[in-house]
Amino acid sequence: MKILVINGPNLNLLGKREKDIYGSKTLENINKQMTRVAKEKNAELDFFQSNHEGEIVDKLGQAEKSYAAVVINPAAYTHTSVAIRDAIASINIPVIEVHISNIYQREEFRHKSLIAPVAKGQVSGFGEYSYILGLLAAIYTIENK
Ligand code: DQA
(Lines give C-alpha, C1' and ligand atoms only; values in the text may rest on other atoms or scores of the structure.)
Protein backbone atom coordinates (compact mmCIF):
# COMPACT_ATOMS: atom_id res chain seq x y z
CA MET A 1 0.00 0.00 0.00
CA LYS A 2 1.65 3.23 -1.15
CA ILE A 3 0.58 6.65 0.09
CA LEU A 4 1.79 10.05 -1.11
CA VAL A 5 2.27 12.85 1.43
CA ILE A 6 2.18 16.37 -0.05
CA ASN A 7 3.13 19.54 1.80
CA GLY A 8 2.46 22.98 0.39
CA PRO A 9 4.17 26.38 0.71
CA ASN A 10 6.35 27.34 3.67
CA LEU A 11 6.03 23.94 5.34
CA ASN A 12 9.70 23.40 4.46
CA LEU A 13 10.29 26.04 7.16
CA LEU A 14 8.61 24.07 9.95
CA GLY A 15 10.73 24.11 13.11
CA LYS A 16 11.67 27.76 12.69
CA ARG A 17 8.41 29.19 11.31
CA GLU A 18 5.90 30.70 13.81
CA LYS A 19 6.78 28.08 16.41
CA ASP A 20 3.97 29.19 18.74
CA ILE A 21 1.48 28.09 16.06
CA TYR A 22 3.26 25.27 14.25
CA GLY A 23 5.56 23.82 16.94
CA SER A 24 9.26 23.08 16.85
CA LYS A 25 9.34 19.85 14.83
CA THR A 26 10.86 20.10 11.37
CA LEU A 27 9.16 18.60 8.33
CA GLU A 28 11.91 15.98 8.28
CA ASN A 29 11.07 15.02 11.91
CA ILE A 30 7.39 14.72 11.00
CA ASN A 31 8.13 12.66 7.89
CA LYS A 32 10.29 10.26 9.91
CA GLN A 33 7.55 9.84 12.50
CA MET A 34 5.02 9.16 9.73
CA THR A 35 7.35 6.60 8.15
CA ARG A 36 7.60 4.76 11.49
CA VAL A 37 3.82 4.57 11.86
CA ALA A 38 3.40 3.58 8.20
CA LYS A 39 5.83 0.68 8.63
CA GLU A 40 3.80 -0.71 11.53
CA LYS A 41 0.77 -0.68 9.22
CA ASN A 42 2.61 -2.13 6.21
CA ALA A 43 2.26 1.08 4.25
CA GLU A 44 4.94 2.79 2.19
CA LEU A 45 5.20 6.57 2.00
CA ASP A 46 6.62 9.03 -0.51
CA PHE A 47 7.00 12.69 0.42
CA PHE A 48 6.71 15.80 -1.74
CA GLN A 49 6.96 19.42 -0.65
CA SER A 50 6.62 22.41 -2.92
CA ASN A 51 6.09 26.14 -2.66
CA HIS A 52 4.64 26.17 -6.18
CA GLU A 53 0.99 25.60 -6.92
CA GLY A 54 1.51 24.10 -10.39
CA GLU A 55 3.99 21.53 -9.09
CA ILE A 56 1.41 20.34 -6.57
CA VAL A 57 -1.24 20.19 -9.30
CA ASP A 58 1.15 18.10 -11.47
CA LYS A 59 1.92 15.73 -8.60
CA LEU A 60 -1.77 15.20 -7.81
CA GLY A 61 -2.54 14.56 -11.48
CA GLN A 62 -0.05 11.69 -11.55
CA ALA A 63 -0.80 10.29 -8.08
CA GLU A 64 -3.44 7.77 -9.14
CA LYS A 65 -0.89 5.78 -11.15
CA SER A 66 1.28 4.92 -8.15
CA TYR A 67 -0.62 5.60 -4.93
CA ALA A 68 -3.69 4.30 -3.10
CA ALA A 69 -4.25 7.60 -1.26
CA VAL A 70 -2.85 11.09 -0.68
CA VAL A 71 -2.36 12.95 2.60
CA ILE A 72 -2.02 16.68 1.89
CA ASN A 73 -1.36 19.82 3.87
CA PRO A 74 -2.03 22.42 1.17
CA ALA A 75 -0.96 25.21 3.60
CA ALA A 76 -1.95 28.68 2.33
CA TYR A 77 -3.28 27.16 -0.92
CA THR A 78 -6.05 25.62 1.18
CA HIS A 79 -7.75 28.99 1.15
CA THR A 80 -6.97 30.14 -2.38
CA SER A 81 -6.35 27.36 -4.87
CA VAL A 82 -9.14 26.38 -7.22
CA ALA A 83 -6.45 24.57 -9.27
CA ILE A 84 -5.49 22.23 -6.41
CA ARG A 85 -9.15 21.67 -5.55
CA ASP A 86 -9.89 20.76 -9.19
CA ALA A 87 -6.85 18.44 -9.33
CA ILE A 88 -8.15 16.57 -6.27
CA ALA A 89 -11.66 16.38 -7.74
CA SER A 90 -10.15 14.90 -10.93
CA ILE A 91 -8.57 11.83 -9.33
CA ASN A 92 -10.21 8.68 -8.02
CA ILE A 93 -8.16 8.01 -4.91
CA PRO A 94 -8.99 9.31 -1.42
CA VAL A 95 -7.30 12.57 -0.44
CA ILE A 96 -7.08 13.47 3.25
CA GLU A 97 -6.57 17.13 4.14
CA VAL A 98 -4.47 17.90 7.22
CA HIS A 99 -3.59 21.07 9.12
CA ILE A 100 -1.26 21.49 12.06
CA SER A 101 -3.26 24.38 13.50
CA ASN A 102 -7.02 24.53 13.97
CA ILE A 103 -7.82 26.75 10.99
CA TYR A 104 -11.29 27.55 12.40
CA GLN A 105 -9.80 29.16 15.53
CA ARG A 106 -7.63 31.52 13.51
CA GLU A 107 -8.10 34.55 11.21
CA GLU A 108 -11.35 34.55 9.28
CA PHE A 109 -9.61 34.11 5.90
CA ARG A 110 -8.43 30.69 7.12
CA HIS A 111 -11.93 29.49 8.01
CA LYS A 112 -12.73 28.63 4.42
CA SER A 113 -11.07 25.58 2.86
CA LEU A 114 -11.54 25.20 -0.90
CA ILE A 115 -10.14 21.68 -0.47
CA ALA A 116 -12.53 20.30 2.17
CA PRO A 117 -15.52 19.72 -0.17
CA VAL A 118 -13.42 17.47 -2.45
CA ALA A 119 -11.35 15.77 0.28
CA LYS A 120 -12.35 12.47 1.88
CA GLY A 121 -12.06 14.25 5.23
CA GLN A 122 -10.09 16.83 7.15
CA VAL A 123 -7.89 16.75 10.27
CA SER A 124 -7.15 20.16 11.79
CA GLY A 125 -5.65 21.35 15.05
CA PHE A 126 -3.62 18.50 16.53
CA GLY A 127 -0.17 19.90 15.86
CA GLU A 128 2.24 17.50 14.18
CA TYR A 129 -0.07 14.66 15.27
CA SER A 130 -2.57 15.83 12.61
CA TYR A 131 -0.28 14.13 10.08
CA ILE A 132 -0.38 10.82 11.97
CA LEU A 133 -4.17 11.02 12.25
CA GLY A 134 -4.39 11.85 8.55
CA LEU A 135 -2.17 8.89 7.71
CA LEU A 136 -4.26 6.51 9.84
CA ALA A 137 -7.41 7.89 8.20
CA ALA A 138 -5.88 7.24 4.76
CA ILE A 139 -4.98 3.64 5.68
CA TYR A 140 -8.42 3.05 7.19
CA THR A 141 -10.08 4.42 4.05
CA ILE A 142 -7.99 2.23 1.73
CA GLU A 143 -8.63 -0.89 3.83
CA ASN A 144 -12.36 -0.29 4.08
CA LYS A 145 -13.03 0.51 0.44
C1 DQA B 1 -1.76 25.30 7.76
C2 DQA B 1 -2.82 26.37 7.98
C3 DQA B 1 -2.83 27.38 6.83
O4 DQA B 1 -3.81 28.38 7.06
C5 DQA B 1 -1.48 28.07 6.71
O6 DQA B 1 -1.46 28.92 5.58
C7 DQA B 1 -0.34 27.10 6.67
C8 DQA B 1 -0.38 25.90 7.50
C9 DQA B 1 -1.62 24.35 8.97
O10 DQA B 1 -1.02 23.30 8.81
O11 DQA B 1 -2.08 24.68 10.08
O12 DQA B 1 0.67 27.34 6.01
O13 DQA B 1 -2.14 24.51 6.65
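**Note on the predicted model and its ligand site**

1. This is a predicted model. The protein has an average pLDDT of 98. A score of at least 70 is reached by 100% of the residues.

2. Confidence can also be read element by element. Strand E3, residues 69-73, has the highest mean pLDDT of the protein's elements, at 99. Helix H1, residues 19-22, has the lowest, at 95.

3. Where does the ligand sit? The ligand is in the largest pocket.

4. Now look at the surroundings. Arg17, Tyr22, Asn73, Ala75, Ala76 and His79 are among the residues around the ligand. The shell also includes His99, Ile100, Ser101, Ile103, Arg106 and Arg110. By type, five shell residues are nonpolar, four are polar and three are charged.

5. Which atoms of the protein lie close to ligand oxygens? For His79, a polar side-chain atom is 2.7 Å from an oxygen atom of the ligand. Ile100 uses its backbone: an N or O atom there lies 2.8 Å from a ligand oxygen atom. In Arg110, a side-chain N or O atom is 2.9 Å from an oxygen atom of the ligand.

Notes. Residues are numbered from 1 along each chain as its sequence is written. This is a predicted model: local features need pLDDT of at least 70, side-chain atom pairs count only at pLDDT 80 or more; totals for chains, interfaces and linings use all residues. Side-chain values use heavy atoms; hydrogens and water are left out. A residue is near a molecule or strand if one of its heavy atoms lies within 4 Å of it. A polar contact is a pair of N or O atoms within 3.5 Å; within protein, one must be able to donate a hydrogen and the other to accept it, and residues adjacent in sequence count only if both atoms are side-chain atoms. On a 1 Å grid over the protein atoms alone, a cavity is a set of points where a 1.4 Å probe fits but cannot get out, and a pocket is an open set with protein on both sides within 12 Å along at least five of seven lines; lining residues have an atom within 4 Å of a point. A molecule sits in a cavity or pocket if more than half of its atoms lie within 2 Å of its grid points. Ala, Val, Leu, Ile, Met, Phe, Trp, Tyr, Cys and Pro count as nonpolar, Asp, Glu, Lys and Arg as charged, and the others, Gly among them, as polar. pLDDT is the predictor's confidence in each residue, from 0 to 100. Helices (H or I, at least four residues) and strands (E, at least two) are DSSP runs, numbered from the N terminus.
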